Amino acid sequence: MACAGTGVDRRRLHAAVSTRQSAAPGSGPERRIALIKPSAAEEQAGHAVQLFDSVLWVFKGTTRSSWVTTPAAAADIIVVHHSEPADIIARWRDEGKHIVVLSTDEKHHPAGPRTLVYPFPAVKVLSMLEHVEAEMGNNATVAPSAPVAAAPIKPRVSSSNADPWSFVEALRTLRTVNNSTLWLMCKGPQGPFLWLRGDVGCYYCDSATAGAIRAGTLDLSGLSLQKGTPPPGNLPARSGAELFWFATYHASASLAPWLNDKTVYRLIRWPDLGRVRAHDAAELTTQIRVVAALAAEASAPAKLATRAQTDMDAAARTLNALASCALIETTQPTPTAPKVTRTERSAPTPVGGLKQFLRNMRKHLRLGGTS
């Protein structure tokens, strides 16, 4: 039985909408964005703008702010192709608008803080929008006295006295052993309901069990893995990365035992948000904000929570899941060069004063003359 893949094909971006959970409109500020039709005749220029528009549409209701497309005159952010005349872009900037450039010529218009090179992944768009919002700061569309509320995190209380990390630790051990010929299973009152390949590359279960794992309503801490047989042929293969993500995310609101609250972590790559989409729309919004904040700057957990404008529980859960899926690594802050203290040294005064010093030098060089 083949395992489900771990990547998301950009061509399936629109198809993801049919299977995503319906999300309520974002509770954050409304942001106005204009997508300018490219002046260039090249086909890829139009495709770049269409892809950007598709990302906004697919993630509508899951981002921190509500993005509304408007004409350029009313927009806070304007998205243009790199062929847009420079004088027009300069005029928009003078009007206080933020410009995002879509490039289809990486050689002459490489990726930058405000430039996306086509074809770009959806997560790059989300991350850039987060950065632009941070720059906008106290924009008129946001009431300064109304801070963005952190997405509520539903409490998850284990129904057993088991270690909340026991199941996740078992997965981590299996991944280290990496035995793809071994099959394990979890049993309930009605018999086996979850099968796991020994290298944790795949797991199998019915849709109800998968939904419970995704929502965090199945208490995995009370489950034990037993050696078993391959799963029934009528069950679909699911990615082991999904199981790692959801099992770790829902395990505890505290940092995982293998993480440290003083350590600085750096994002290696974004998670596949299409595959590990949160059951709750508000929860997904918070996850995106935490990952975007970590993508922008390596941070320790507490600083990450502050930068993502969420509570420590939400930041810890997301950081735990990222670590479990090997999407982050430890790093060190850029060391500050030590200040060099210069000691003022006074030139030694020759014995007998300057006049005697010059006399000695002339004598040494065998120069004539009188002093």
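How many disulfides does the structure hold? It holds 0, where a disulfide would be a pair of cysteine sulfur atoms within 2.5 Å.

Before you click around: this is a predicted model, in which local features need pLDDT of at least 70 and side-chain atom pairs count only at pLDDT 80 or more, while totals for chains, interfaces and linings use all residues. Residues are numbered from 1 along each chain as its sequence is written, and side-chain values use heavy atoms, with hydrogens and water left out.

Stop 1: Select Cys205, which is buried at a relative accessible area of 0%. Then pick Cys325, which also counts as buried, at 16%. Buried here means under 20% relative accessible area, exposed means over 50%, and partly exposed is in between (1.4 Å probe, protein chains only).

Stop 2: Go to the peptide bond from Tyr118 to Pro119, which is cis, with omega near 0°. Pro119 sits in the loop between strand S5 (115-117) and H4. Helices (H or I, at least four residues) and strands (E, at least two) are DSSP runs, numbered from the N terminus.

Now select helix H4, residues 122-136. Among the buried ones are Val125, Leu129, Glu130 and Met136.

**Stop 3: a helix pair.** Show H5 (residues 166-177) and H7 (residues 240-249), which pack at about 150° with axes 9 Å apart. Axes are lines fitted to C-alpha atoms, for helices over the stretch in contact, and angles run from 0 to 180 degrees between N-to-C directions. The pair is therefore roughly antiparallel, the word for angles over 145 degrees.

**Stop 4: two positive phi values.** Most residues other than glycine have a negative phi. Gln309, in the loop between helix H9 (301-307) and helix H10 (312-324), has a positive phi near 55°. Gln309 is partly exposed, at 31% relative accessibility.

Finish at Ala326, in the loop between H10 and strand S12 (328-331). Its phi is positive too, about 60°, and Ala326 is partly exposed at 42%.

Terms used: Expected span 1.5 Å × (residues − 1). Parallel < 35°, antiparallel > 145°, perpendicular 65-115°, else oblique.
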